[in-house]
Every structure is written in structure tokens, then in C-alpha cells.
Amino acid sequence: MRPGAAASRGGSEATVARAAGEERALTSVAAGDRFEGERPADLPRLWHVTLSVSGEEAPLKEVRRALEQLAHDHPFLLTSRYANDHAEIRYWEEARDLHDAAAVALRLWGEHRQTAGLPPWEIVGLEVIDRQTYHQRIAEGYGPPPASPVGVHPF
């Protein structure tokens with residue numbers, strides 16, 4: 001029984017009240033939960049990730065060098081676009097589900113800030129879409145163009 005809900009027990013009503021200021025826990029379907037007829041949870045899928053970061057201005061040469069180092073360390077990166085105060089990284093991630101792909105993407109910038117010399121920018125945007133949706137958008141002419149040329153480029 002959740003806080004604040006009434007339940008019937010042996011013919012009498014029992015009410016559990018929350019204390020003043022007590023937060024009620026949010027509930028949702030757990031990451032990876034599957035329903036009858038869905039794909040098996042252990043089959044990875046491809047997800048197209050677009051990670052946007054921004055912050056205080058940094059020298060363009062340093063931003064480019066850092067993004068090139070990140071791409072060298074992690075060759076899965078398709079393309080990076082950058083300016084002196086923001087950047088966008090696009091790549092394909094293989095993951096069991098969207099939750100896993102997003103979790104990896106949200107850690108990417110922070111975990112490699114030191115090793116690649118990335119600017120101390122914050123993540124300001126994240127889009128994770130499955131392969132089918134990506135290709136559907138491209139076919140309909142409203143998705144991001146395929147990453148070409150691959151590499152690190154200014155905006």
C-alpha cells in the first residue's frame with residue numbers, strides 16, 4: 001500500500017498518512033522491464049545519440065584538440081561539431097535499451113573530461129533514438145543528415 005492510500009483489512013478501513021513535508025516516492029516501470037511479446041531483454045540494439053554541451057568560452061584550438069582526443073580514445077564517435085562555447089557529439093551506441101544508452105551518454109563528457117582535456121562544460125541536451133526512428137527521420141527529410149564527413153568540425 002502506498003502512503004496516503006486507504007486499504008480494506010478485515011472489514012475495517014486503515015489509512016496511512018504522510019507526515020508534514022514528507023515526500024512521496026515516485027514509481028515507474030524499471031529500466032529493462034519487458035512485457036509479453038516484446039523483444040528479449042538481452043538483445044542489444046543500436047541507438048543514435050546526440051549529446052550537446054556548453055559552458056564558458058574556451059580557445060577553439062583547445063576545444064578541437066580535446067574533441068579529437070576523445071574521438072581517438074573512443075572511435076565509436078561519428079562526428080563532433082564545436083564552437084568556443086558549445087559542442088555537439090553524435091555517435092551510435094549499442095545498448096540493451098534506451099535507459100542504458102542514455103546512461104552511458106550522460107557519463108561520457110564527465111568521465112573523459114580529464115583524459116581528453118575537455119572543457120568544463122555541462123550537458124545541456126541529449127537525444128537518444130533507435131535505429132529505425134533515425135532512418136525514418138532521414139527518409140522523411142527532417143532528421144539530422146547522416147554524419148559526413150566523419151570527424152571533428154567547427155559549427
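How many residues does helix α2 have, and how far does α2 reach from its first C-alpha to its last? In this predicted model, local features need pLDDT of at least 70 and side-chain atom pairs count only at pLDDT 80 or more, while totals for chains, interfaces and linings use all residues. Residues are numbered from 1 along each chain as its sequence is written, and side-chain values use heavy atoms, with hydrogens and water left out.

Helix α2 (residues 98-111) has 14 residues and reaches 20 Å, close to the 20 Å expected at 1.5 Å a residue. Here the expected span is 1.5 Å times one less than the number of residues, and helices (H or I, at least four residues) and strands (E, at least two) are DSSP runs numbered from the N terminus. Ala101, Ala102, Ala105, Leu108 and Trp109 of α2 are buried, where buried means under 20% relative accessible area, exposed over 50% and partly exposed in between (1.4 Å probe, protein chains only). These residues lie on the same side of α2 because they cover an arc of only 105° around the axis; the arc is that of the directions from the helix axis to the C-beta atoms. Their cover includes β3 (45-54), α1 (60-73), β4 (77-82), β5 (86-95), α3 (113-116) and β6 (122-130), judged by contact, meaning heavy atoms within 4.5 Å. At the start of α2, a side-chain oxygen of Asp97 comes to within 3.2 Å of the backbone nitrogen of His99.

Val63, Ala66, Leu67 and Leu70 are buried in α1, and an arc of only 95° around the axis puts them on the same side of the helix. The face of α1 turned away from this buried side carries the exposed residues Lys61 and His72. Among the elements covering the buried residues of α1 are β4, β5, α2, α3 and β7 (151-154).

In soluble globular proteins, nonpolar side chains tend to be buried together. The largest nonpolar core has 25 residues, of which Leu67, Leu70, Ile89, Tyr91, Trp109, Leu118 and Trp121 touch the most other members. Such a core is a set of buried Ala, Val, Leu, Ile, Met, Phe, Trp, Tyr and Cys residues joined through side-chain atoms within 4.5 Å. Leaving aside neighbours within four places in sequence, Leu70 is in contact with Leu77, Ile89, Leu108, His112, Ala116 and Leu118. Ser80 sits in strand β4 and is buried, at 2% relative accessibility.

Turning to charged pairs, seven salt bridges are found in the whole structure, each a side-chain nitrogen of Lys or Arg within 4 Å of a carboxyl oxygen of Asp or Glu. One joins Arg81 and Glu88 (3.0 Å, N to O); Arg81 is partly exposed at 34% relative accessibility, whereas Glu88 is buried at 16%. Arg96 and Asp97 form another, with their closest N and O atoms 3.6 Å apart.

How values were computed
A polar contact is a pair of N or O atoms within 3.5 Å; within protein, one must be able to donate a hydrogen and the other to accept it, and residues adjacent in sequence count only if both atoms are side-chain atoms.
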